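The following exercises are set for a reader who meets this structure for the first time. Each task is followed by a worked solution.

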There are 2 protein chains.
Amino acid sequence: MFPSDAVCVGHLSPDLDSVAASIAACELYGGTPAATGAFNSETRFALKHWGVQGPQALEDLRRDEAGGRGMKFLLIDFQQTTQLHPSIAHHEVVGVIDHHALQSQTVVTSKAIPVQIKPWGSASAIVAFEFFSKKLQPKRSTMGLMLSAILSDTLNLRSPTTTSWDRKMAHRLAEETGYQSLDELASLQFKAKSEELAAMDPEDLIANDLKVFELDGKSFQGKLAISVIETTDTEPVLARVESLRSTMAKMKAHKKVEIMLVFVVDIVRLKSVAIVLGDDERSLVMASFSGAKEKTSQLIDIGPRVSRKSDMVPPITKAIVDDEWSSHRSSHREL
Amino acid sequence: MFPSDAVCVGHLSPDLDSVAASIAACELYGGTPAATGAFNSETRFALKHWGVQGPQALEDLRRDEAGGRGMKFLLIDFQQTTQLHPSIAHHEVVGVIDHHALQSQTVVTSKAIPVQIKPWGSASAIVAFEFFSKKLQPKRSTMGLMLSAILSDTLNLRSPTTTSWDRKMAHRLAEETGYQSLDELASLQFKAKSEELAAMDPEDLIANDLKVFELDGKSFQGKLAISVIETTDTEPVLARVESLRSTMAKMKAHKKVEIMLVFVVDIVRLKSVAIVLGDDERSLVMASFSGAKEKTSQLIDIGPRVSRKSDMVPPITKAIVDDEWSSHRSSHREL
């Protein structure tokens with residue numbers, strides 16, 4: 001179904017799932033995986049743990065391939081142009097493997113391309129399923145990496161995005177690799193993910209897992225940046241709220257987004273706190289999440305919501321599309 | 001992968017492929033097929049030929065189902081909102097099976113849904129493949145209908161959209177149904193398709209296979225309606241060019257589209273003629289199709305191009321996006 005000579009790339013701000021699924025998809029279909037940015041510490045941990053070489057940076061690959069003319073790209077773990085590496089043109093895109101919703105900035109091609117989206121908890125589970133349903137065995141190291149990626153994206157199979165297929169694939173991969181203690185592996189990964197946060201400057205902390213969306217509501221048309229900081233220990237992150245907020249303000253202006261939100265996700269207790277920048281963001285968060293409580297003027301407790309894809313983007317989209325919040329933008333329009 | 005209780009619907013101006021694939025997908029996954037408009041004569045011929053009951057009209061189904069609240073829809077053979085039945089809300093869409101390119105008006109959902117797009121010549125070939133790869137046997141009548149649909153959408157496996165999978169599925173379905181003469185079946189269908197054209201008033205002739213696209217170019221943002229009139233005998237259609245053009249002008253205003261094109265496709269000789277309405281359309285057609293020849297001020301011979309999806313939409317999109325034509329719209333902007 002997919003071409004055998006494509007470069008497999010994940011979204012900007014690559015996470016473990018996009019990296020693992022890119023490597024695995026290239027092993028399955030052929031082609032070369034490429035990295036769209038620096039790896040986070042969880043990804044580095046998993047690559048080392050399973051003895052896998054991380055993909056080459058896309059820029060280097062382009063340079064090596066005589067300017068990268070005629071390169072074809074298989075998009076892994078996304079299909080929004082806002083998450084596409086800026087060097088990739090739409091006509092270079094030859095396929096999509098993803099587990100996210102179609103949204104307003106879907107990549108557009110003039111000819112039909114294969115698109116495979118399954119509403120599962122991780123892209124790696126989709127690629128693992130393709131291997132096993134074709135009765136093909138991935139390399140042991142690739143299986144381990146996919147296992148780590150499924151545990152990462154589904155928060156050890158506890159996120160609301162987790163499906164029975166993620167569980168089946170995780171257990172099958174654990175069995176095939178002989179790695180039985182999923183809890184232990186998840187715990188090691190979460191620790192690796194959390195450890196680097198303390199050393200990160202505020203900008204990296206926010207950019208580490210940031211996605212930009214474009215939404216079109218009655219009184220709001222524009223871009224929304226949603227950053228997620230997943231950690232086993234939220235206290236040290238929340239203690240830095242002042243410096244995080246001033247960095248958010250700078251990034252909001254720099255990225256030309258209308259709304260900037262950061263969610264600090266407790267991946268052990270499975271609950272989150274939103275850091276809000278101003279009245280627009282506060283109003284949007286309060287309107288989006290029923291039961292949300294303002295802890296301070298800067299922090300809103302949104303309770304047991306942990307998945308950007310499943311718990312955050314849908315209610316925020318609904319609040320904007322149905323105009324359930326009061327943005328400055330809308331009050332200006334009413335003048 | 002797909003829900004078992006959805007209503008399977010094709011695009012507006014339903015054709016044989018969207019109707020056959022809707023019926024077959026509901027047989028495979030469960031659910032109920034529904035019709036989004038009147039069937040064309042080729043579809044009526046194929047339903048009768050294979051003894052298949054045509055799907056109920058969507059409006060009637062909604063009425064029967066207590067106002068249709070809580071209905072879920074699986075989109076078959078499309079994913080553009082411009083081709084979605086107006087009674088269907090985006091949040092009711094639970095899946096997509098299609099063989100077209102992602103374009104700017106893709107249906108948008110807040111949660112991820114399964115999407116299966118393969119760049120094959122027909123949606124029915126995709127559903128047939130799913131049956132056979134699951135080692136399931138469709139009803140004989142459903143297999144016959146899918147066979148007819150593949151022959152219809154691929155112009156008897158001769159359209160440039162035809163892939164080896166369309167051929168494999170057509171031959172497998174022919175074998176399973178015991179219907180060996182594909183040429184004879186295609187010829188009967190083409191005759192059925194062409195026969196009704198003479199009796200149609202100009203509006204029905206144009207609306208019979210019309211799709212609306214939304215494009216975003218440097219000097220053009222707007223809607224484009226592209227109608228295709230497939231026939232074994234183009235003469236009687238082209239003899240009506242005057243009345244077709246005055247109807248095109250009315251429909252262009254009524255549908256609020258910026259560009260309106262009608263292509264008369266000779267499905268025996270595999271070549272087409274464009275009927276153009278004004279300077280914008282003429283400029284766009286001449287810029288899009290290399291070697292195009294103006295036969296009269298109203299007709300442009302575009303040579304061996306027969307597939308809207310593969311031969312027409314891509315070059316037209318390119319001409320608009322790259323601004324290779326001169327529209328009145330653009331000259332107004334330059335003032």
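**Exercise 1.** Describe the salt bridge between Glu196(B) and Arg44(B), and state where each residue lies.

*Solution.* A salt bridge requires a side-chain nitrogen of Lys or Arg within 4 Å of a carboxyl oxygen of Asp or Glu. Next, locate the partners: Glu196(B) belongs to helix α7 (residues 182–199) of chain B and Arg44(B) to helix α2 (residues 41–49) of chain B, so the pair, 152 residues apart, links distant parts of the chain. Helices here are DSSP runs of H or I with at least four residues, strands are runs of E with at least two, and both are numbered from the N terminus. Finally, consider accessibility, where buried means under 20% relative accessible area, exposed over 50% and partly exposed in between (1.4 Å probe, protein chains only). Glu196(B) is buried at 14%, whereas Arg44(B) is partly exposed at 44%.

Two remarks on the source apply throughout. The model is predicted: local features need pLDDT of at least 70 and side-chain atom pairs pLDDT 80 or more, while totals for chains, interfaces and linings use all residues. Residues are numbered from 1 along each chain as its sequence is written, chains are lettered from A and ligands numbered from 1 in the order in which they are written, and side-chain values use heavy atoms, without hydrogens and water.

**Exercise 2.** Which residue forms a salt bridge with Arg172(B), and in which helix do both lie?

*Solution.* The partner is Glu176(B), with the closest N and O atoms 2.8 Å apart. Both residues lie in helix α6 (residues 164–177) of chain B, four residues apart, about one turn of the helix. Arg172(B) is partly exposed at 32%, and Glu176(B) is partly exposed at 28%.

**Exercise 3.** Which parts of chain B does the salt bridge of Lys193(B) and Glu230(B) tie together?

*Solution.* The closest N and O atoms of this pair are 2.4 Å apart. Lys193(B) lies in helix α7 and Glu230(B) in strand β8 (residues 221–231), so parts 37 residues apart in sequence are tied together. Both residues are buried.

**Exercise 4.** How many residues does each chain give to the contact of chain B and chain A, and how many salt bridges cross the interface?

*Solution.* With contact taken as heavy atoms within 4.5 Å, 23 residues come from chain B and 23 residues from chain A.
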